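Visitor: I am new here. Please show me the structure, and let me ask how you know what you say.

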Amino acid sequence: QKELSLPDLLDYYFKQIEKHQHLNAFNEVFFYSATNQAKLVQEKIAQGTAGKLAGMVIGIKDNICYKDHQVSASSKMLEGFVSPYSATVVERLIAEDAVIIGRLNCDEFAMGGSNETSYYGPVKNAADSEKVAGGSSGGSAVAVQADLCLSALGTDTGGSVRQPAAFCGCIGLKPTYGRISRYGVIAYASSFDQVGTITSSVGDASVLLEVLAGADDYDSTVAKLPVPDYQAGLLADSAAFGKGTFKKKKIAVLKETLESEALDTDIKNAILNAIGELKEQGHTIEFVSFDLLDYLVPAYYVLTTAEASSNLSRYDGVHYGHRNMEATSLNELYKLSRAEGFGEEVKRRILLGTFVLSAGYYDAYYQKAQQVRRLIREKMEELLTRFDVIISPVAPTPAFKIGENIDDPLVMYMADIFTVLASLTGIPAIAVPLGNNYSGLPLSVQLMARHFGEQDLLSLAHNFL
Ligand code: GLN
């Protein structure tokens, strides 16, 4: 039998995308550049000079810039905008011979948890097309779930890689803040934003992290720490696991997260089962109390809306994207362009953010939230001196119905309770699938580790699948 060539594989994915158009995962397929890249890489494969990602067909969330390609953040504001440069993550993918197949639907400016705020409409969950994909990287998750590409990049500010991965039965990794460059990634909340991966195997997550991580002259918030060989680490740990010499981990389960009334019973049971398995593997498990749970969502939304209001001030109808053509003064131009270009959720957040930063309220909200963030971080860091890994759910429920929560922002925000913890702290976290419930909807667990402890997460997730 003839070996499948990369152009053939790409063709397979093009057909898959065509067949699954109703899922609305792609904002655009890069037929031309992907086809060219596949041919080029195929030649390199034949010559034996191909990079680490040769053969990987990957989609990128539509808030990651790729030179000479459109990027919209799923907003009318950026409709038709062509990026003059590539994000560092895109440069690194291409340097290792990945094929970028297209840009994936997401919540507008990555603000949302269901992919329903997209200007291009919601993404549908491939397990049940009445259900949301999760968000904001919903297109990224569904593309991997429905086999429209091998893996995908997303961004995670407060759960946007982990939660859609959980809703779609994929592996979603949010690395440590500062592990991967944000250069060329459309900013939402800069002290939280991080590029993450959605994959169907831990191996793919490892090789991607290895390629994407590491210092970047264009982003001073990236750590200068050397990048481990995550794949080799994973292999070594799996071998040790097979021989029973795997270093046993100290694992903490955040008690309040499992006791939370909002938590779906199937998720709870699946996590309890997983904990049982980990115990059997010889790890020590302790249930610990985390008393700051109620402060997570408020602190997260005060800080991220503040940062968002500042980041989104650049969309003024002059520099980028949508411009109202009837305005007769500069102020009117700003007003009308922004009123027409932004969707409801984005406007809500700009207003909230402007409010919490305004004179007279700054101390009461923004500064307070920063102090709370510090407390949360200290508490987590203290826990992580005693434990290697921390367990919680990813989301309180499996994928919900499209339209069910979209009119109630508070319900939507509260659903981020378990994911924003790692984001406020800056630690790495991974969503790991735990099978499906009786209706066939994926269930998932979240593992968190110390800053730059991605290897621990990858190895544990791998042993556990
Ligand atoms: N749902 C969260 C929010 O709306 C997370 C979004 C994200 O991580 N980009 O802010």
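Guide: UniProt positions are given in the numbering used here, and annotations may be inferred rather than shown by experiment. The model itself is predicted.

Visitor: Which residues does UniProt list for "active site"?

Guide: The unreviewed UniProt entry lists K61, S136 and S160. They span 100 residues in sequence, yet no two of their C-alpha atoms are more than 10.8 Å apart, so they gather at one spot.

Visitor: Why is K61 called buried?

Guide: The cut-off is 20 or more other C-beta atoms within 10 Å. K61 has 31, so K61 is buried. This residue is found in strand β2. Beyond its neighbours within four places in sequence, K61 is in contact with residues including L104, C106, S137 and T155.

Visitor: What makes S136 buried?

Guide: S136 has 36 other C-beta atoms within 10 Å. The cut-off is 20, so S136 counts as buried. S136 lies in the loop between β5 and α4.

Visitor: How do you know what S136 is in contact with?

Guide: Contact needs C-beta atoms within 7 Å. Leaving aside neighbours within four places in sequence, C106, D107 and S160 are among the contacts of S136. S160 is also on the UniProt list.

Visitor: Why is helix α3 called largely enclosed?

Guide: Six of its eight residues are buried, so the rest of the structure largely encloses α3. The six are T88, V89, V90, R92, L93 and I94. They pack against β2, β3, β6, β8 and α6.

Visitor: What comes just after α3?

Guide: D97, with a positive phi of about 70 degrees.

How values were computed: Residues are numbered from 1 along each chain as its sequence is written. This is a predicted model: local features need pLDDT of at least 70, side-chain atom pairs count only at pLDDT 80 or more; totals for chains, interfaces and linings use all residues. A residue is buried if 20 or more other C-beta atoms lie within 10 Å of its own, exposed if 12 or fewer, and partly exposed in between; C-beta atoms are placed from the backbone. Helices (H or I, at least four residues) and strands (E, at least two) are DSSP runs, numbered from the N terminus. Two residues are in contact if their C-beta atoms, placed from the backbone, lie within 7 Å.
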